[in-house]
Amino acid sequence: MAAMSVIGIDFGNESCYIAVAKAGGIETIANDYSLRGTPSCVAFSPKNRILGVAAKNQMVTNMKSTVFGFKRLLGRKFSDPYVQKELKHFPYKVEPRPDGGIGIRINYLGEDNVFSPEQITAMLFTKLKESAAIALQTPINDCVISVPSYFTNAERNALFDAAAIAGLNVLRLMNETTATALAYGIYKQDLPAPEEKSRNVVFVDFGHASLQVAACAFNKGKLRILATSCDASCGGRDIDSALAEYFCQDFITRYKLDPKKNQRAYLRLLQEVEKIKKQMSANSTKLPLNIECFMEERDVTGDMQRTQMEQICAETFSRIERTLKNILHNAKLRPEDISSVEIVGGSTRIPAVKALMEQVFGKVPSTTLNQDEAVARGCALQCAMLSPAVRVREFNVTDVQPYAVRLAWDADRGEDGDMEVFPAFHAAPFSKMLTFYRREPFSVSAYYSDEIPYPDTFIGQWHIKDVQPTPEGESQKVKLKVRVNIHGIITVASASLVEKKPDAQESVEMENSNENVQASGQELPMDTNQEKQENGPEEEVNDDKKDKKDKSKKVIVKTIELPIEARTHGLTQTELNSYLEQEGKMQAQDRQEKERADARNALEEYVYELRGKVSEGDTLHDFIAEDLRSRLVEKLDGLEQWLYDEGEDEKRQVYSDKLTELRTEGEPIKQRRLEFELRPGALDDFALSIQLTNKAVDQYRSGEARYAHLTEAEIAKVCEASKNALNWLETARQALAHAPLHQAPPYTTHQIRQERQNLENIVNPILSKPKPKEKTPPPASNTAGDGQAPAPEQTTQEQMDVD
């Protein structure tokens, strides 16, 4: 069913969730461990990749080959100060690539491999795609993936590339806070009408590694994001790190042990600290922390209570408060303008965080939404809206572009050469038309003009080709469409040349005004005059106006699309194809290793099962001769030894061949046991059939009406068949009673059932033969009425009856 493949993916720094839109609503998909959340972990072994839950489970033992936290590396350079700061959290090796990008060095299949964060992300997406396909029993293609609202063009393009490598068709990269708002608003029945004042709701998403806040205005059937406020490096892990630092100092003082000198010990400490943090959310009493064999085979203990934690993490909480206050400033709202505060994200469960929200907004935070799954559910809803396969209630979503964007070009003839195209918190998706006057090809570049959580403000450069002067040597009018698309990516969507030619007909100097004014849903232009003053030479603008006023000349306006050469962030098509091919090979290797492991496990399981059942007192012990049992047990012991020795790493076919060979000995024993269990029932059923046949013959002899229509010849045939069947049954019973259990039985259950069937095939057609129908008298021609004499035929019949 096509509708079943409409999924939304919440790609988190610590874990991922998948939701699917079904006819009955939105459902969160469980993975192969029956968990709704899949850890954002990718691990590598000498033979295959380990993804999701399994990767996290072996993190401590396979630390240097387990990659986590890679979401924060997407689209960044190795020299990025933010990346350098992140490296302290990673036990695996990260190095610069030749192009300045990030490379993660991993030993895979016995070789050193360098993977990009995009490739690692694609591996995780492959696992999520597989989990969804298994749960829904249908191939997965289209999806909507969540993205932090503070992600820039470079990071969004990187995420897009990762999804492409995994074979996913992304219908939309949706801001996490927008997805949350959609999941909240679409089910609300009490929203104000479109013409009434909007209901303002603040959404706070405090996750593992970041804090995002959004102010949204709701009306019936639509939501509009007013503004956002983010701290890209303030999350639950900062609280974990602060607590871990406290315990490190405590252990140095009391035990003279420094966990920071041992990566494995520090990782275990972080895991224990996360547990105690969660416990402190529900308990204000002092809680213990105990770790066995922590370092140098020594156990360590500690304790902490909530008030102590709040003092240690005071700096983190002040950053949270600052971000919460920023949303009021960015959205131009007062606390009394806000209807409610909705919280999502695991870290919002911390009581101190809830208290800060109540302090800033003057309202108790509401937990209407599922704090872990709300983003995935919103993404699934958006995917359903964009997919033609599912019908969803009409709900209009207007997002924002969080950063101001400016466009720059080569200044020519007194032009400014720079302008702000989109101010901060401008509606998105959105398009603007800009007009240039040029004689030759030219380039425009886009930059972020605000402070952004990314070291490079460059967005992209677009070179407009095939621009030539008019036959008179004048500049041509070139129109550029600058767009913030549905993914939040800024791009120059199109460039067109506007040519004017005289015509004999009446003036049609509309000059494609519809193109400038056309909104096409959410696409609106800039002011045309403003564009011309800023982008075109003043005298040319004036000349153009004179042309418009000159109604004596008739002109035809022709639009020609121009080719654009783009230089933006993201992978080239060659790199993308190379990564796709590499991912395909790794998937094939994973499948091959899984089949090999399954074949080995099947052989090992059969060895243990068969050896256990042929042992003294078990189910198969009596069904194999003593000498054969000794040889078989010896062979099974040898196979077990081989499995854990030289046979530990054989090919799948070797295991399959040994299992087939072993089955030729084991299955006959199991079959004899099965025959022994089923045979009494088959014999009893056969005896019952003979008994019922003899009973029917006796009823015939006693004159039973139901068999009175049968002939003596037919009854003789039944008697003969019953007698033969009884003789065969007695012979079989005597032979089976004297046959040893460890030999093949002289009569099988199948033979007994076949003999019973043969008897019933002869007997049943005779005994169930229907009686012949009696002849009915012809209907009377006249019906006698009251007081009339009966008809002659009726009188005769009555007389005959009397006689």
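Biologist: Which way do the residues of β1 point?
Modeller: Ile7, Ile9 and Phe11 point one way, and Gly8 and Asp10 the other way. All of them are buried, where buried means under 20% relative accessible area, exposed over 50% and partly exposed in between, with a 1.4 Å probe and protein chains only as cover. This is a predicted model, in which local features need pLDDT of at least 70 and side-chain atom pairs count only at pLDDT 80 or more, while totals for chains, interfaces and linings use all residues. Residues are numbered from 1 along each chain as its sequence is written, and side-chain values use heavy atoms, leaving out hydrogens and water.

Biologist: Why is β1 largely enclosed?
Modeller: Strand β1 covers residues 7-11, and five of its five residues are buried, so the rest of the structure largely encloses it. Helices (H or I, at least four residues) and strands (E, at least two) are DSSP runs, numbered from the N terminus.

Biologist: Which strands pair with β1?
Modeller: One is β11, residues 142-147, which pairs with β1 in the parallel sense over three bridges. Another is β2, residues 15-22, joined to β1 by five bridges and running antiparallel. Strands pair if DSSP finds at least two bridges between them. β1 and β2 also form a hairpin, with three residues between them.

Biologist: What does Ile9 face in each?
Modeller: In β11, its bridge partner is Ile145. In β2, Ile9 stands opposite Ile18.

Biologist: And what is Ile145 in contact with?
Modeller: Leaving aside neighbours within four places in sequence, its contacts (heavy atoms within 4.5 Å) include Ile9, Phe11, Phe125, Leu159 and Cys379.

Biologist: Which residues touch the most other members of the largest nonpolar core?
Modeller: Phe125 and Ile145, out of 91 residues in that core. A nonpolar core is a set of buried Ala, Val, Leu, Ile, Met, Phe, Trp, Tyr and Cys residues joined through side-chain atoms within 4.5 Å. Helix α3, residues 117-136, gives the most to this core, with eight residues. Another core lies apart from it, with 49 residues, among them Leu211, Leu257, Met357 and Phe361.

Biologist: Why do such side chains gather?
Modeller: In soluble globular proteins, nonpolar side chains tend to be buried together.

Biologist: New topic. How many disulfides?
Modeller: A search of the whole structure finds zero. A disulfide needs a pair of cysteine sulfur atoms within 2.5 Å.

Biologist: Is helix α5 mostly covered or mostly open?
Modeller: Mostly covered: 10 of its 10 residues, 176-185, are buried. Among them are Glu176, Thr180 and Tyr184.

Biologist: What does Leu767 touch?
Modeller: Ala696, Tyr707, Leu710 and Val718, not counting residues up to four places away in sequence. Leu767 and Ile715 are 52 residues apart in sequence, yet 8.6 Å apart in space, C-alpha to C-alpha.

Biologist: And the chain overall: how many helices and strands?
Modeller: The secondary structure comes to 20 helices and 29 strands. Of the 803 residues, 48% count as buried.
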